[in-house]
Amino acid sequence: MSEFAIQVKHLEKMYKLYNKPSDRLRETLGLKVPVKEHYALKDVSFDVRRGETVGIIGTNGSGKSTILKIITGVLNPTAGEVAVDGRISALLELGAGFNPEYSGVENVYLNGTMMGFSREEIDARLQDILDFADIGDFVYQPVKSYSSGMFVRLAFAVAINIDPEILIVDEALSVGDVFFQAKCYRKFEEFKEQGRTILFVSHDLSSIARYCDRVILLNRGVKLEEGSPKQMVDMYKQLLVGQEPAKAEEKEEKPGENWRGQFQVNPNMLEYGSGLAEIVDFAVVDDKGRCTNTIEKGSTFRIRMKVAFRENLQEPILAYTFKDIKGTEITGTNTLFEKILVEHSDAGDVCTVTFTQEMYLQGGEYLLSFGCTGYKDGEFTVFHRLYDACNVTVVSEKNTVGFYDMNSQVEVQYGEEE
């Protein structure tokens, strides 16, 4: 048995793009038609050792899912070779092979047979699959009557309980409700503890950092680099802000630069206010001085906002707020709470406030809002607010219960009972 479970050598996948559908038919008839070649993958090579957990990350359209589909035989490569040594179970397009007219149990046998298992082998695993899916008597009803949640639960249960030597996962660990998701992650961890080979694609950088031994970074169909999760996540963060990772240098953002142009901003942010002051720029800055939407849990980061005053204002209040993706306010602060007086706020003045803190929110996605308020003629006034101005992804190798981590220091002592 080889030390490598998966070997990918000089893999390429090219698609022909036609000006109109009829051009495809004309080409099959031997006629010359204008065609554009698009490479989803170009000269990609890597190895996955037996028992290793390897992640693949990259921006949208970088070829991540295409690689997994070629490895599992769903797609054929244009060039290159793939060698797989071991039985594969793939969590790609969940339930793609289900027949809607068959019952859940019938589809279990159908999918198991398609994966190369005998009826006796499926019999031995059937109860585990049904227990994992936990959809009750619906397993005896036609799949077309299932809710979307029941459908993916059964599909995931089939794929995860086949007992593979190699597990291929494409953004499939967050299906169903929160309790089912917890069950999926426990199964994933169980696979890892058993020394199974795992290759998975995810946009969840916390999962990449937590589970992977090694990470492969793709961009526009080309492998940029491979290495430790932390190194590759750092490079990926640079890609997201339009920097070239191989040439990017750690640098502090400079006064006068357009911060918001260096990272992803919500084009549909809610913006309103009296106009007496304007938030003209803002940024999230990581511990390496880069404007970024991705912050590592436990690291020191900064939130910056620049405000231009259109009229004379007294003691304006500058604020930020974090919300979860459901809109619940999680935390935030302002210059009033922090007992910081903003003095230079006459018409024409420009003020930059920087909030420096440690990130102890749980790993996940958050929305960041900014505000400039205060009193005008004795009345509380919103001068300018930017709601949901940008997203912030918190990358975490360890999550606790709730919204934030209290950063507990744990000590365990052993001794005789008194």
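## An open sheet of three strands

Three strands, in the order β2-β1-β4, form an open sheet with antiparallel pairing. The edge strands are β2 and β4, and each of them pairs on one side only. On average, neighbouring strands of this sheet are turned by 20° against each other, direction ignored. The model is predicted.

Strand β1 covers residues 4-18 and strand β2 covers residues 35-49. These two run antiparallel and are joined by 11 bridges. Leu17 has Lys36 in β2 as its bridge partner. Strand β4, residues 79-84, also pairs with β1 in the antiparallel sense, over 5 bridges. Here the bridge partner of Glu12 is Ala79 in β4. Strands of a sheet pair through backbone hydrogen bonds, either parallel or antiparallel. In a regular strand, side chains alternate between the two faces of the sheet.

## A nonpolar patch on the surface

Leu25, Leu29 and Leu31 make a nonpolar surface patch of about 320 Å². Leu25 belongs to helix α1, which spans residues 21-28. Why does Leu25 count as exposed? Its relative accessibility is 54%, and the cut-off for exposed is over 50%.

## Salt bridges

Side chains of opposite charge can pair when their charged atoms come close. The whole structure holds 18 salt bridges. One of them joins Asp85 and Arg50, with the closest N and O atoms 2.9 Å apart. Asp85 sits in the loop between β4 and β5 (88-91), and Arg50 sits in the loop between β2 and β3 (53-58), so the pair ties together parts that are 35 residues apart in sequence. Asp85 is partly exposed, at 28% relative accessible area. Arg50 is also partly exposed, at 29%.

Where do the partners Asp388 and Lys323 lie in the chain? Their side chains meet in a salt bridge of 3.0 Å, N to O. The pair links distant parts of the chain: Asp388 is in strand β18 (residues 379-395) and Lys323 is in strand β14 (residues 314-324), 65 residues apart. Lys323 counts as buried, because its relative accessibility is 14% and buried means under 20%.

Asp286 and Arg290 form another salt bridge, at 3.4 Å from N to O. Are these two residues buried or exposed? Asp286 is buried, and Arg290 is buried too. Elsewhere, salt bridges link Glu52, Arg214, Lys223 and Glu226 in a network.

How many disulfides does a search of the whole structure find? The count is 0. Cys351 is in no disulfide, and the nearest cysteine sulfur, that of Cys372, is 8.3 Å away. A disulfide needs two cysteine sulfur atoms within 2.5 Å. Cys351 is buried, with a relative accessible area of 15%.

Cys390 counts as buried, at 0% relative accessibility.

Key: Residues numbered from 1 in each chain as written. Predicted model: local features only at pLDDT ≥ 70, side-chain atom pairs only at ≥ 80, totals over all residues. Heavy atoms only, no water. Patch = residues over 30% accessible without salt bridge, like charges linked within 9 Å, V, L, I, M, F, W, Y side chains within 5 Å. Areas by Shrake-Rupley, 256 points an atom, 1.4 Å probe, with all protein chains shown as cover. Salt bridge = Lys/Arg side-chain N within 4 Å of Asp/Glu carboxyl O. Helix = DSSP H or I, 4+ residues; strand = E, 2+ residues; numbered from the N terminus. Buried < 20%, exposed > 50% of the residue type's maximum accessible area, 1.4 Å probe, protein only. Pairing = 2+ DSSP bridges. Axes fitted to C-alpha atoms, helices over the stretch in contact; angles between N-to-C directions.
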